[in-house]
Amino acid sequence: DTMSGRSVRETGWTWRTVRTPLPTEGGYDCVICIGNSFAHLPDFAGDGSLHKLAISNFHKMLKPGGILIIDHRNYDHIIKHGSLPNSSSKLYYQGDRIHGIKTSVLTVDGKASMVTLDYEIDITGFTVGGHENTRTKEDGTVIPVSQFRLSYFPHLLSNFTDMLKSVFGGSAEHQLLSDFETNPAADYIPSYFIHVIKKQ
């Protein structure tokens with residue numbers, strides 16, 4: 001495929017396996033994994049080894065001086081309070097069709113092992129089979145909604161930072177952003193933590 005006269009090559013690797021040869025320069029300038037994507041990878045072994053393997057593969061894809069940009073929800077807040085932070089609605093999704101999100105935290109032997117979010121999306125104007133559920137908005141308007149569920153591994157901030165440093169090295173340059181803000185107010189509760197870490 002081509003785009004604007006440039007070659008577009010499909011990569012043949014996953015987070016767990018790297019099969020595509022690296023660029024001749026020795027790696028990529030940047031690997032980006034945002035939108036809470038990484039949290040979809042389960043911890044099958046229960047020891048974080050699969051997560052560390054994936055981070056190690058990201059590290060392999062980078063050239064020296066390259067950066068990894070990766071994020072996760074504020075699971076510290078979610079586990080403590082059982083709900084999303086109030087800032088959650090507009091960071092990535094800018095539309096107004098999310099009617100509601102219900103939060104569940106699964107604990108195993110006293111440890112949070114999964115967070116599940118049940119979404120209700122306003123599908124006014126769309127036909128999806130004629131069996132929609134309905135909800136009443138605050139202004140009294142009745143709307144059709146579609147429901148779906150997403151489950152995530154709840155990465156705690158300190159644990160995730162430690163994992164990054166264990167792969168990139170303790171002296172690696174690491175910047176933490178709160179909802180992409182470098183200097184949020186002291187009482188600001190972010191929806192997402194964004195890590196920017198450089199390969200030495």
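In strand S8, Ser-146 is the bridge partner of Ile-121. Strands, like helices, are DSSP runs numbered from the N terminus, with at least two residues (E) for a strand and at least four (H or I) for a helix. The model is predicted: local features need pLDDT of at least 70, side-chain atom pairs count only at pLDDT 80 or more, and totals for chains, interfaces and linings use all residues. Residues are numbered from 1 along each chain as its sequence is written, and side-chain values use heavy atoms, with hydrogens and water left out.

### The antiparallel sheet

Strands S5, S6, S8 and S7 form, in that order, an open sheet of 4 strands with antiparallel pairing. Strand S5 (98-108) and strand S7 (133-136) stand at its edges with a single partner strand each, so one side of each has no neighbour in the sheet. On average, neighbouring strands here are turned by 35° against each other, direction ignored; the axes are lines fitted to C-alpha atoms, for helices over the stretch in contact, and angles run from 0 to 180 degrees between N-to-C directions. Two strands are taken to pair if DSSP finds at least two bridges between them.

S5 and S6 are joined in the antiparallel sense over 10 bridges, and one of the bridge partners is Tyr-119 in S6, which stands against Ile-101. These two strands form a hairpin with 2 residues between them, and Asp-109 in the turn has a positive phi of about 55°. Strand S6 (residues 111-122) also runs antiparallel to strand S8 (residues 142-152), to which 8 bridges join it. Leu-117 stands opposite Leu-150 in S8. Of the 12 residues of S6, 9 are buried, so the strand is largely enclosed by the rest of the structure. Buried means under 20% relative accessible area, exposed over 50%, and partly exposed in between (1.4 Å probe, protein chains only).

### The mixed sheet and its helices

Another open sheet, also of 4 strands, has the order S3-S4-S10-S9 and mixed pairing. Its edges are strand S3 (28-33) and strand S9 (174-178), each with a single partner strand, so one side of each is left without a neighbour in the sheet. Neighbouring strands of this sheet are turned by 10° against each other on average, direction ignored.

Strand S4 (residues 62-73) pairs with strand S10 (residues 192-198) in the antiparallel sense over 7 bridges; the bridge partner of His-72 in S10 is Phe-193.

| Helix | Strands touched | Direction |
|---|---|---|
| H1 (residues 49-61) | S3 and S4 | about 145° with that of S4 |
| H3 (residues 157-168) | S4, S9 and S10 | about 15° with that of S10 |

### The nonpolar cores

A nonpolar core is a set of buried Ala, Val, Leu, Ile, Met, Phe, Trp, Tyr and Cys residues joined through side-chain atoms within 4.5 Å. In soluble globular proteins, nonpolar side chains tend to be buried together. The largest core here has 19 residues, and those with the most contacts inside it are Phe-38, Ile-55, Phe-58, Leu-68, Ile-70, Leu-164 and Phe-168. At least two of its residues come from each of S3, H1, S4 and H3. A second, separate core of 9 residues includes Ala-39, Val-115, Leu-117 and Ile-121.

Leu-68 lies in strand S4 and counts as buried, at 0% relative accessibility. Beyond residues up to four places away in sequence, Leu-68 touches, among others, Val-31, Ile-55, Phe-58, Leu-164 and His-195. Leu-68 and His-195 are 127 residues apart in sequence, yet 7.7 Å apart in space, C-alpha to C-alpha.

### His-195 and the cysteines

His-195 is placed in strand S10 and is buried, with a relative accessible area of 0%. Its side chain makes polar contacts with the side chain of His-72 (2.9 Å) and with the side chain of His-174 (2.9 Å). A polar contact is a pair of N or O atoms within 3.5 Å; within protein, one must be able to donate a hydrogen and the other to accept it, and residues adjacent in sequence count only if both atoms are side-chain atoms.

With a disulfide defined as a pair of cysteine sulfur atoms within 2.5 Å, the count comes to 0 disulfides. Cys-30 is partly exposed, with a relative accessible area of 31%, whereas Cys-33 is buried at 5%.

Technical notes: Contact means heavy atoms within 4.5 Å.
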